[in-house]
There are 2 protein chains.
Amino acid sequence: MNPTAIAEGLAWSIDGCTIGRAMEVLGEKWTVVVLREIFNGLRRFDDMRVRTGIPRQVLANRLAMLVDQGILRRVPYREPGARERHEYRLTPKGLDFYPVLITLLEWGNRYLSDPEGPPLRFVHRECGADVHAEVHCADGHLVENRRDIVPRPGPGARRR
Amino acid sequence: MNPTAIAEGLAWSIDGCTIGRAMEVLGEKWTVVVLREIFNGLRRFDDMRVRTGIPRQVLANRLAMLVDQGILRRVPYREPGARERHEYRLTPKGLDFYPVLITLLEWGNRYLSDPEGPPLRFVHRECGADVHAEVHCADGHLVENRRDIVPRPGPGARRR
DNA sequence: CAGTATCCCAAGCGATACTG
DNA sequence: CAGTATCGCTTGGGATACTG
């Protein structure tokens, strides 16, 4: 299949492809770093700020945006003697985002690490082994070669 | 485990966490859309431009950056009668990025689709079934609950 | 067709100061 | 501690014109 044939084979529209939409949420430099911290267990503004070095204003913006998108929710709490505050927790939509973080970390650790190795890993709680993502098809086959994956128009696709 | 304990448990540095580095590559709005097109089989400047609607200059910048990062490579070709041109193809580093695209699309299709459904799917070439990413640990267990995944310092981590 | 060269504008970043 | 308010700066986005 030559390139032009490929291009013609793709004559259905990908307007509104959800990868593009996802990147509008994630596309800002710090967003995924904030999510990483929350997956790591942090919930409070200053913990995140100190650990990541994000400027206050940027952190506040990102958290507000993530709440807005339904990825985080603010949960009020009160420590003895202090006024009410909020912490940030993942919603189901946010929790379902973790495979993206896993694949990102896996790729980054492989190709972008310093010589000493990566500073962060994700491991399985029970056995302590590193986790990684495998691509399967709905019939259960493991997809080893990325050439076995082909794009297809979904129900929301439009002909051009 | 209360939030403060969590925060203390994470007192190792994540400076240079590769998720952050990966986002410096991907963090610009159009980068992942360009990669999606290339995974879809497009290789040529104008095909990508027409299909995605990216401004010329932005597309040129993104392609140059991706070549710079070793994710794409420029391959010269010559059509009969025309002068030499280049097409853009994935390097191994770029090919290994596809699990990230799969998980992004999966998440986006689930949470960001229009009511009609998603415009793009990825399917297994042989059986036509949708592909999706599964998280496994190195011992082979399927990790179903994201609470079974815990962060750990890697060899490149530094105590604060 | 496959890009460069320019230009303008908006948005994001980062620092600092302030508030309850 | 958990943010808001402000501000200057830089970067990226988008449009238009030009080139081999």
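Predicted model: local features only at pLDDT ≥ 70, side-chain atom pairs only at ≥ 80, totals over all residues.
## Fold of chain A

Chain A has 7 helices and 7 strands. Along the sequence they run α-β-α-α-α-α-β-β-α-α-β-β-β-β. Of its 160 residues, 51% are buried. Among contacts in chain A with a separation of 6 or more, 45% link residues 24 or more positions apart.

## Helix 2 of chain A

Helix 2 of chain A spans residues 18-26 and is mostly covered, with 7 of its 9 residues buried. The buried set is Thr18(A), Ile19(A), Gly20(A), Ala22(A), Met23(A), Val25(A) and Leu26(A).

What do these buried residues of helix 2 pack against? Within chain A, the partners are helix 3 (31-39) and helix 5 (56-68). From chain B come helix 2 (18-26), helix 3 (31-39) and helix 7 (98-111).

## The interface between chains A and B

The contact takes 98 residues from chain A and 98 residues from chain B. The size of an interface is often given as the accessible area lost when the parts come together. Here the buried area is about 9100 Å², and carbon and sulfur atoms give 63% of it. On the chain A side, Arg51(A), Trp107(A) and Pro119(A) lose the most area to chain B. Together these three account for 9% of what that side buries.

Polar links also cross the interface. There are 34 residue pairs in polar contact between chain A and chain B, both residues being at pLDDT 80 or more. Helix 7 (residues 98-111) of chain A gives the most to the side that touches chain B, with 13 residues. By type, the chain A side divides into 50 nonpolar, 20 polar and 28 charged residues.

## Strand pairing across the chains

Strand 5 of chain A pairs with strand 5 of chain B. Each covers residues 131-137, and the pairing is antiparallel over 7 bridges.

## Salt bridges between the chains

Side chains of opposite charge can pair when their charged atoms come close. The whole structure holds 20 salt bridges over all chains. The count between chain A and chain B is 4.

One of them joins Asp114(B) to Arg21(A), with the closest N and O atoms 3.1 Å apart. Asp96(B) forms a salt bridge with Arg110(A), at 3.0 Å between the closest N and O atoms. This pair runs from the loop between helix 6 (92-95) and helix 7 of chain B to helix 7 of chain A. Asp96(B) counts as partly exposed because its relative accessibility is 29%. Arg110(A) is exposed, with a relative accessible area of 52%.

## Salt bridges within a chain

Arg36(B) lies in helix 3 of chain B. Is Arg36(B) buried or exposed? At 3% relative accessibility, Arg36(B) is buried, because the cut-off for buried is under 20%. Its salt-bridge partner is Glu37(B), with the closest N and O atoms 2.8 Å apart. Glu37(B) is buried too, at a relative accessible area of 0%.

Arg49(B) forms a salt bridge with Asp46(B), at 3.3 Å between the closest N and O atoms. Both lie in helix 4 (residues 45-52) of chain B, 3 residues apart, or about one turn of the helix. Arg49(B) is partly exposed at 22% relative accessibility, and Asp46(B) is partly exposed at 39%.

In chain A, a network of salt bridges links Arg43(A), Arg44(A), Glu87(A) and Arg89(A).

Definitions and conventions. Residues numbered from 1 in each chain as written. Chains lettered and ligands numbered in written order. Heavy atoms only, no water. Contact = heavy atoms within 4.5 Å. Buried area = accessible area lost by both parts, 1.4 Å probe. Salt bridge = Lys/Arg side-chain N within 4 Å of Asp/Glu carboxyl O. Polar contact = N/O pair within 3.5 Å; in protein donor to acceptor, adjacent residues only side chain to side chain. Helix = DSSP H or I, 4+ residues; strand = E, 2+ residues; numbered from the N terminus. Nonpolar A, V, L, I, M, F, W, Y, C, P; charged D, E, K, R; others polar. Pairing = 2+ DSSP bridges. Buried < 20%, exposed > 50% of the residue type's maximum accessible area, 1.4 Å probe, protein only.
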